[in-house]
Amino acid sequence: MTWSPHVEALLGAVGPLGNREFAPHAARWDDAGLDAGLAARCSEWGLFGLSAPEASGGAGVGMLGTVAVVEDIAAHSGSLAIRVAIEVGLVWIGHQSAVVA
């Protein structure tokens with residue numbers, strides 16, 4: 001699949017981020033749960049706003065781009081990928097609800 005330059009940039013950033021921040025902790029996260037401060041760091045890295053439009057402060061990569069990024073996260077940590085997928089889904093639902101209202 002051919003990705004937009006924006007999605008390509010995110011995919012290029014997730015690999016090194018995953019090697020540095022996710023992979024060293026993945027086994028512990030799978031056994032003991034995600035660290036308390038991890039959600040705040042994921043938010044800082046922009047992972048929770050992947051599917052939200054840029055005008056709303058998100059990355060605006062759409063659902064397919066989001067799936068590609070979450071898949072890359074899963075290569076480093078399945079537990080974190082699940083958390084990011086849930087958060088992204090909630091953000092997307094919230095945005096869709098706001099558009100309808």
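Helices here are DSSP runs of H or I with at least four residues, numbered from the N terminus. The model shown in every view is predicted.

**View 1. Histidine 76 in the loop between H4 and H5.** Histidine 76 belongs to the loop that joins these two helices. Its relative accessibility is 17%, so histidine 76 counts as buried, the cut-off being under 20%. Apart from neighbours within four places in sequence, histidine 76 is in contact with Val14, Gly15, Gly18, Asn19, Phe22, Ala23 and Ala26.

**View 2. Threonine 66 in helix H4.** Helix H4 covers residues 62-74 and includes threonine 66. Threonine 66 has a relative accessible area of 4% and is therefore buried. When neighbours within four places in sequence are set aside, the contacts of threonine 66 are Leu50, Ser51, Val61 and Val88.

**View 3. The largest nonpolar core.** This core has 21 residues, and those touching the most other members are Phe22, Leu50, Ile73, Leu80 and Val84. At least two residues of the core come from each of helix H1 (5-22), helix H3 (38-44), H4 and helix H5 (78-100). The most are given by H1, which supplies five residues.

**View 4. Leucine 80 and its contacts.** Leucine 80 is among the core residues that touch the most other members. With neighbours within four places in sequence left out, leucine 80 is in contact with Phe22, Trp29, Leu34, Leu38, Cys42 and Ile73. Of these, Phe22 and Ile73 are also listed among the core residues touching the most other members. Phe22 is also one of the contacts of histidine 76.

Definitions and conventions. Residues numbered from 1 in each chain as written. Predicted model: local features only at pLDDT ≥ 70, side-chain atom pairs only at ≥ 80, totals over all residues. Heavy atoms only, no water. Buried < 20%, exposed > 50% of the residue type's maximum accessible area, 1.4 Å probe, protein only. Contact = heavy atoms within 4.5 Å. Core = buried A, V, L, I, M, F, W, Y, C linked by side-chain atoms within 4.5 Å.
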